[in-house]
Amino acid sequence: MPKKVKEYRIPTMDEFRAFPTSRKYIVINQKTNDSHTFYRKDLVTVSAFNGEHWQAKIKDIRVEMNEHGERPQNIWIMIQWFHRKADLQGESFHSDLAINELVLSIEEEIIDGSCIESDEIIYYFDDAPPYQHQAIPQGALFWRWTIEPKAKQQEQEEGEGKGKGKGKGKGKGKGRKKGKGKGRAKGKEDKGTYQIINQITNCPLCAKPYNPNCDAQRFCRFCNAWHDVLCLNASGLAPESDGIPAQVKRETDLSSWGPQLYLDVFLDILRRPIRRGKNDGIVGDGLLVSRAWEMFEESKESHEGRVTDTQWMYMGINQRTLEGWRVESTVMLEEEYYDCPTCRSQGQSGFL
Ligand SMILES: [Zn+2]
Ligand SMILES: [Zn+2]
């Protein structure tokens, strides 16, 4: 018995690092005989003993050989956990998280390889302007931020600030003391135990991050920023009431292009505000509208006002999607455009 217990002891980080590393880890399902190969950087589901499932990212795979070094005895995996919104109650960024959003923690842990159950589709979302190239289906799990424990950050700051790399023992004590003081000064900002280490994209009007469930946003192509529709409404600038603004009409004039298939739909896409959030999805329509703009500029310059077949393909549009747009674009005509407050504050003019 004691021996068995010993075998199942999770190795320390130092022990783990002493084991030979492996590029991959193959799991064979005893019932179905199916096999699955996991690699470093894979995002996976881990099953806990209590039947719960967690998401994690594989950092390293190590093989513990048996006493005689003949065959593998255990496979150990170093992982980073993904936290769900529900796990992060009380954190300052909790309300910024979408329901299906996960947050990756930089903390590393070693787990038994047999806990890894399957690979998991977790989409990465880069919410920075202008737009992300990969769409994220509604209801899918996604992540954009990485977090670290606050204490760790304070230690690092302390270390860097003093220029003493390895004075860990002393640094720790001091770091904590200082950290507390700082925490009080910062007040509300400082609640919770984690902080996001990524650059966060904020709405220029309210300086808050984007929550895809709650915030409908518009992208301004002129100042390259996403704005909350709520903030646009609150900014006091009335949306254009008589449909498409004259500036947009002028800039997207296709009247000299001559009759072409789908030109009306193309025009509708060009004139469409770039949106994301709520019903428009996490990523939104930025990719399509921006590609239409690229094609538009290219067609004006090099194709004498014609959209070529290659361009349609580049845009990812086939006949069916265009029909889809035709239906959508009738709804779009009732869209309101906003006179961009960010552009206006810089003495420029832009519609979004
Ligand atoms: Zn805002
Ligand atoms: Zn703008």
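Mentor: Start with a cut-off: buried means under 20% relative accessible area, exposed over 50%, and partly exposed in between. Keep in mind that this is a predicted model.

Trainee: Is Ile-244 buried or exposed?
Mentor: Ile-244 sits in the loop between helix H5 (229–234) and helix H6 (246–251). Its relative accessibility is 14%. The limit is under 20%, so Ile-244 counts as buried.

Trainee: What distance separates the C-alpha atoms of Ile-244 and Phe-351?
Mentor: Along the chain, Ile-244 and Phe-351 are 107 residues apart.

Trainee: What is the arrangement of donor atoms around the zinc ion (ligand 1)?
Mentor: Cys-203 (SG), Cys-206 (SG), Asp-228 (OD) and Cys-231 (SG) coordinate this zinc ion at 2.1 to 2.4 Å. The 4 donor atoms subtend angles of 96 to 122 degrees. Four donors count as tetrahedral if all angles lie between 85 and 135 degrees. The arrangement around ligand 1 is therefore tetrahedral.

Trainee: Is Cys-206 buried, partly exposed or exposed?
Mentor: Cys-203 has a relative accessible area of 2% and is buried. Cys-206 is at 29%. That value makes Cys-206 partly exposed.

Trainee: How many residues apart are Cys-220 and Cys-340?
Mentor: Both are donors of the zinc ion (ligand 2), along with Cys-223 and Cys-343. Cys-220 is in strand E11 (residues 217–220), while Cys-340 is in the loop between helix H10 (319–332) and helix H11 (341–345). Cys-220 and Cys-340 are both buried. The pair links distant parts of the chain, 120 residues apart.

Note on methods
Residues are numbered from 1 along each chain as its sequence is written. Chains are lettered from A and ligands numbered from 1 in the order in which they are written. This is a predicted model: local features need pLDDT of at least 70, side-chain atom pairs count only at pLDDT 80 or more; totals for chains, interfaces and linings use all residues. Side-chain values use heavy atoms; hydrogens and water are left out. Helices (H or I, at least four residues) and strands (E, at least two) are DSSP runs, numbered from the N terminus. Buried means under 20% relative accessible area, exposed over 50%, partly exposed in between (1.4 Å probe, protein chains only). Donors are N, O and S atoms within 2.8 Å of the metal (3.2 Å for Na, K and Ca); water is not among the atoms, so sites may look incomplete. Four donors count as tetrahedral if all angles lie between 85 and 135 degrees; four count as square planar and six as octahedral if opposite donors are over 155 degrees apart and all others between 65 and 115; anything else is irregular.
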